[in-house]
Amino acid sequence: ADRIAPRWMNLKLAAFFDEPVVIEHDGGHRTPFHTEVVRAMLSFMSRFAKPNSVLQLEAARRHALESEVCSKCASWSVLRDGGGRHLCSERWYCGGCWARWDEHRVRGVAEPDSDDDAALAS
């Protein structure tokens with residue numbers, strides 16, 4: 001919910017559906033790349049996909065693998081791929097974004113469009 005689409009307005013719209021799915025997040029008018037939010041959206045959308053479609057298979061695979069969505073590039077990855085979780089925001093980063101952030105940190109230069117100012121945890 002935000003100033004463009006307030007929470008009450010979204011809930012009023014949801015009440016018109018037989019089985020509404022309400023996904024709440026802290027992204028305001030933008031959908032954040034948080035694993036829980038993306039999994040919920042995949043699960044919802046897969047209900048309308050053809051049986052054994054790529055969407056249904058991908059939703060099931062992502063849930064089974066317990067993979068995470070990178071907060072920076074929106075790719076899926078798992079911990080063994082070298083990713084990590086930020087200590088303060090608890091955002092997940094894939095191995096590539098984690099390594100780029102760490103390279104900037106070691107050099108003492110902030111990454112240009114980083115959302116996280118505090119140190120990332122391994």
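Guide: A residue is called buried when its relative accessible area is under 20%, exposed when that area is over 50%, and partly exposed in between, with a 1.4 Å probe and protein chains only. The model above is predicted, so local features need pLDDT of at least 70 and side-chain atom pairs count only at pLDDT 80 or more, while totals for chains, interfaces and linings use all residues. Residues are numbered from 1 along each chain as its sequence is written, and side-chain values use heavy atoms, leaving out hydrogens and water.

Visitor: Is Phe48 buried or exposed?
Guide: Phe48 sits in the loop between helix H2 (35-46) and helix H3 (54-65), where helices (H or I, at least four residues) and strands (E, at least two) are DSSP runs numbered from the N terminus. Its relative accessible area is 58%, and because exposed means over 50%, Phe48 counts as exposed.

Visitor: What accessible area does the nonpolar patch with Phe48 have together?
Guide: Patches are made of residues with over 30% relative accessible area and no salt bridge, in which like charges are joined within 9 Å and nonpolar side chains (Val, Leu, Ile, Met, Phe, Trp, Tyr) within 5 Å. Accessible areas come from the Shrake-Rupley method with a 1.4 Å probe, and for residues only the protein chains shown count as cover. The surface patch here is formed by Val21, Phe44, Met45 and Phe48, and the area of these residues together is about 370 Å².

Visitor: In what order do the elements of the protein chain run?
Guide: The protein chain has four helices and five strands. Read from the N terminus on, the order of these elements is α-α-α-β-β-β-β-α-β.

Visitor: Which residues make up the largest nonpolar core?
Guide: In soluble globular proteins, nonpolar side chains tend to be buried together. A nonpolar core is a set of buried Ala, Val, Leu, Ile, Met, Phe, Trp, Tyr and Cys residues joined through side-chain atoms within 4.5 Å. In this chain, 30% of the 122 residues count as buried. The largest core has five residues, namely Cys70, Tyr93, Cys94, Cys97 and Trp98.

Visitor: How many disulfides are there?
Guide: A disulfide is a pair of cysteine sulfur atoms within 2.5 Å. By this rule the count is zero. For Cys70, which is in no disulfide, the nearest cysteine sulfur belongs to Cys97, at a distance of 3.7 Å. Cys70 has 0% relative accessibility and counts as buried, whereas Cys88 is exposed, at 60%, and the number of disulfides remains zero.

Visitor: Which residues does Pro32 contact, leaving aside neighbours within four places in sequence?
Guide: Pro32 is found in the loop between helix H1 (7-14) and H2, and at 12% relative accessibility Pro32 counts as buried. Contact means heavy atoms within 4.5 Å. With those neighbours left aside, the residues in contact with Pro32 are His25, Asp26, Gly27, Val37 and Val38.

Visitor: What distance separates the closest N and O atoms of Arg85 and Glu68?
Guide: Side chains of opposite charge can pair when their charged atoms come close. A salt bridge is a side-chain nitrogen of Lys or Arg within 4 Å of a carboxyl oxygen of Asp or Glu, and the count here comes to two. Arg85 is partly exposed, at 33%, whereas Glu68 counts as buried, at 17%. Arg85 and Glu68 form a salt bridge in which the closest N and O atoms are apart by 3.0 Å.

Visitor: Which residue meets Arg7 in a salt bridge?
Guide: Arg7 counts as partly exposed, at 43% relative accessibility, and Glu24 counts as exposed, at 54%. The N to O distance in this salt bridge is 2.8 Å, and the partner of Arg7 is Glu24.

Visitor: What value does phi of Ala74 have?
Guide: Most residues other than glycine have a negative phi, and most peptide bonds are trans. Ala74, found in the loop between S1 and strand S2 (76-77), is partly exposed, with a relative accessible area of 28%. Although Ala74 is not a glycine, its phi is positive, at about 65 degrees.
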